Amino acid sequence: MEMPRCDLLYLDGRWRRPAKPAAAIPIISPVTEGIIGSVARGSGLDVDIAVAAARRAFPSFAATSPSERIDLLKRILTLLEERFENMAQAICHEMGSAIAFVRSSQVPFGLAHIRAAIEVLEDYSFIKKQGTTAIAKEAIGVCGLITPWNWPLYQITAKIAPALAAGCTIVLKPSELSPFSAHLFAQIMHDAGTPPGVFNMVTGTGEDVGAALASHSDIDMISITGSTRAGVLVAQAAAPTVKRVTQELGGKSPNILLDDADWGRVVPLGVAAAFRNVGQSCSAPTRMLVPVKRLREVEELAASAAATMTVGDPINEATVLGPLANRNQFDKVQNMIRIGIAEGAKLVRGGAGRPEYLSKGYFVEPTIFSEVRSGMRIAQEEIFGPVLCLIPYEDEDEAIRIANDTVYGLGSHVQSGDIERARRVAGKIRAGQVHINHPAWDGFAAFGGYKQSGNGREYGVFGLEEYLETKAILGFFSGMSGLSFNCRSRAARLSRVDANDHQNRRKEAGGE
């Protein structure tokens, strides 16, 4: 498949060249290390144009009914389903994710966020009765969305779907390292009939485009998924304008294997979860906490599981682990593996360097360290690659202490044959999500972090409400009764109130 051209920006309903001529950013293949395209280098001038378009479009789009926004989301969903394979190929080429994994996870989970937004919107109540007060939920406004390279479509739809459902207008800044999928998605937004200005996309660097979005006085909200360092910079830039900032940042997720777990099941699943997407997931459970008496057994099981993971060309359907997505990430992971060896961790499998049968590309051997202490750098720092740390513990209390011994708090796992015990341990872990015994993914479950893993939540109703403001209208229901406020037909709900009386009450409510 020929990759899409990425030399244009999408502004106010059409493709345009950047306002400020600048050298395009090269797109590097993680397989060949050669240039496979380039992406437009947007600037603050383009951000100004995009924000102005989004600001103009906001009043009319925010006033649309939920059913109108549902129809738009359904059109986007249909087009993405029709272009599934094109999207899969783009993600495989731009970031090296294995094509089998892209088809089973990267694209389907992206689709799932749109379906979830539709389902949530169908039943969401934008006005609730609290005595004589109306509690109204209204679109927050113009939203700047900054998305990463590791789950490019998945993170775009996790933000855009609920933002559209809420009635917000959008300026998207996708990663310049994974622009093929973003351009395909922007074309889908156009072909779905998204009104001009409702969706805009400015590509470029974080220093130029991301910073301009974060500091822009006409943006009401910034949502970023990225490193903790990037999240801090965005929050600092956003602070003077007091806009809402939601952040899904780094992680160092623990996976506690309690002594009554089914070892033959949970260890291979734990390795697969840690190495999913070549370990390039912020919630990857890369710290496996193991009873000290079972450590040798777990080492063998983990090494055997990793040995089954074929590393190679991502376009090959037999490949499990493609390359890391870019040179910076490859160099970082190689350095962290060397640090682990220098710290005295036991190297069970893998190590520095590419697999011996690969001479180029950002490929990494699946690597497992054992006898890791919680204070080691490999146990504290987010490596973002296929590197698993086996950390021994003496008892349950120590396991919980080690699990919480991190600046992060995004994901976590608990494995036990006793569900009540697992629930008790889960309740003591300081993280935004806890998975018990490797459950199925839930696109409606709140996702977000404690501590330096960020703030705010995504997915399902929790994601929708991040894009809503809350307004209390006192006296709205004075003298009224029997009203039902279901979001399916907001206009029909309000028509049940006498129009003049409704206007009078709104005027009165504005005085407080």
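**Figure 1. Contact of α5 with α6 in the predicted model.** Residues P152, L153, I156, T157, I160 and L164 of α5 meet S181, A182, F185 and M189 of α6. By class, this contact of α5 with α6 comprises eight nonpolar and two polar residues, with no charged residues. Two packed helices are described by the angle between their axes and the distance between the axes. For α5 and helix α6 (residues 179–191), the angle is about 30 degrees and the axes are 10 Å apart. Angles under 35 degrees count as roughly parallel, and α5 and α6 are therefore roughly parallel to each other. The crossing of the two helices α5 and α6 is right-handed.

**Figure 2. The largest pocket of the predicted model.** The volume of the largest pocket is about 1200 Å³. Its lining consists of 39 residues, and those closest to the pocket centre are W149, G226, S227, R229 and A230. Two or more lining residues come from each of α7 (206–215), β10 (221–225), α8 (228–238) and α11 (327–343). Of these elements, α8 provides the largest share of the lining, six residues. Sorted by class, the lining of the largest pocket holds 16 nonpolar, 15 polar and eight charged residues.

**Figure 3. The second largest pocket.** A volume of about 680 Å³ is computed for the second largest pocket. The elements α4 (99–123), α5 (152–166) and α9 (263–275) each give two or more residues to the lining of the second largest pocket. The contribution of α9, three residues, is the most that any element gives. The lining of the second largest pocket divides into 16 nonpolar, 11 polar and three charged residues.

**Figure 4. The largest cavity.** Rolling a probe the size of a water molecule over the atoms shows where empty space is left. Five cavities of 30 Å³ or more are found in a search of the whole structure, and the largest cavity has a volume of about 90 Å³. Of the 14 residues that line the largest cavity, S223, T246, G456, R457 and E458 lie nearest its centre. At least two lining residues are supplied by each of β11 (244–248) and α15 (460–466), and β11 accounts for the largest share, three residues. The lining of the largest cavity has two nonpolar, seven polar and five charged residues.

Key
Residues are numbered from 1 along each chain as its sequence is written. This is a predicted model: local features need pLDDT of at least 70, side-chain atom pairs count only at pLDDT 80 or more; totals for chains, interfaces and linings use all residues. Side-chain values use heavy atoms; hydrogens and water are left out. On a 1 Å grid over the protein atoms alone, a cavity is a set of points where a 1.4 Å probe fits but cannot get out, and a pocket is an open set with protein on both sides within 12 Å along at least five of seven lines; lining residues have an atom within 4 Å of a point. Grid points are joined across faces, edges and corners, and a volume is the space filled by probe spheres set on the points. Helices (H or I, at least four residues) and strands (E, at least two) are DSSP runs, numbered from the N terminus. Ala, Val, Leu, Ile, Met, Phe, Trp, Tyr, Cys and Pro count as nonpolar, Asp, Glu, Lys and Arg as charged, and the others, Gly among them, as polar. Axes are lines fitted to C-alpha atoms, for helices over the stretch in contact, and angles run from 0 to 180 degrees between N-to-C directions. Angles under 35 degrees count as roughly parallel, over 145 as roughly antiparallel, 65 to 115 as roughly perpendicular and the rest as oblique. A crossing is left-handed if the near helix is turned anticlockwise from the far one by less than a right angle, and right-handed if clockwise. Contact means heavy atoms within 4.5 Å.
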